[in-house]
Amino acid sequence: MGILGLLLGAGVSVGVLLGVMALPLAWARAVAVLAGVVLLGVLGSILLTGGSLERSFGAIYLMMGVLAGVVLALPRLLRYAGQEPVWVSLGLGAAATLLLIAVSVAVDTLLGALLPAPDPQTGASVKAQISQGLSSGVLLASPVVLMVLSWLAWRGRAG
């Protein structure tokens, strides 16, 4: 069942990253602005509702998310350099990060609704096995998809 989760996670990564990369400029600007608003909302909730420990960890996770957003913006930056503002590519990188998390959680929730409950005697759960593979698939496939998209964008700019 783990392999099914890996394939599902890889599909999530491919779908989200290809979708973000293919957005036309008008939609890309709107999505980038929306991602910025969401990030400001996350930052505000960390600063206003948490104690010092929550703010510390929240800041670390937020910085890691921003770093991931910059890395995920690389294919778009390479492909549309000079054709669109840099903030659009960076905003789409942030949107890709948020979408990878949101779609993964949504797929996991859907699996929980569709698959049978754990066996009461053994505690074995098909959903747990697939969920573990799902997160691993996203984590393994995202860098591969990112490298392929970056290489294709670089090749398209160089050729």
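**Close-up views of the pocket and cavity**

**Figure 1. Helix 3 is the leading contributor to the largest pocket.** With nine residues, helix 3 gives the most to the lining of the largest pocket. The model shown is predicted. Helix 3 spans 52–72, and at least two lining residues each also come from helix 2 (25–49), helix 5 and helix 6.

**Figure 2. Centre of the largest pocket.** The space in the largest pocket amounts to about 740 Å³. Its lining comprises 28 residues, of which Ala68, Thr97, Leu100, Ile101 and Leu139 are the closest to the centre. By residue class, the lining of the largest pocket holds 20 nonpolar, seven polar and one charged.

**Figure 3. The largest cavity and the helices around it.** One cavity of 30 Å³ or more is found when the whole structure is searched. The volume of the largest cavity is about 90 Å³. Helix 1 (2–21), helix 4 (74–79), helix 5 (86–114) and helix 6 (126–158) each provide at least two residues of the lining of this cavity.

**Figure 4. Residues that line the largest cavity.** Leu17, Val20 and Met21 belong to the lining of the largest cavity, as do Leu72, Ala73, Pro75 and Arg76.

**Figure 5. Helices 5 and 6 at both sites.** Helix 5 and helix 6 each supply at least two residues of the lining of the largest pocket. Helix 5 (86–114) and helix 6 (126–158) likewise each supply at least two residues of the lining of the largest cavity.

Terms used:
Residues are numbered from 1 along each chain as its sequence is written. This is a predicted model: local features need pLDDT of at least 70, side-chain atom pairs count only at pLDDT 80 or more; totals for chains, interfaces and linings use all residues. Side-chain values use heavy atoms; hydrogens and water are left out. On a 1 Å grid over the protein atoms alone, a cavity is a set of points where a 1.4 Å probe fits but cannot get out, and a pocket is an open set with protein on both sides within 12 Å along at least five of seven lines; lining residues have an atom within 4 Å of a point. Grid points are joined across faces, edges and corners, and a volume is the space filled by probe spheres set on the points. Helices (H or I, at least four residues) and strands (E, at least two) are DSSP runs, numbered from the N terminus. Ala, Val, Leu, Ile, Met, Phe, Trp, Tyr, Cys and Pro count as nonpolar, Asp, Glu, Lys and Arg as charged, and the others, Gly among them, as polar.
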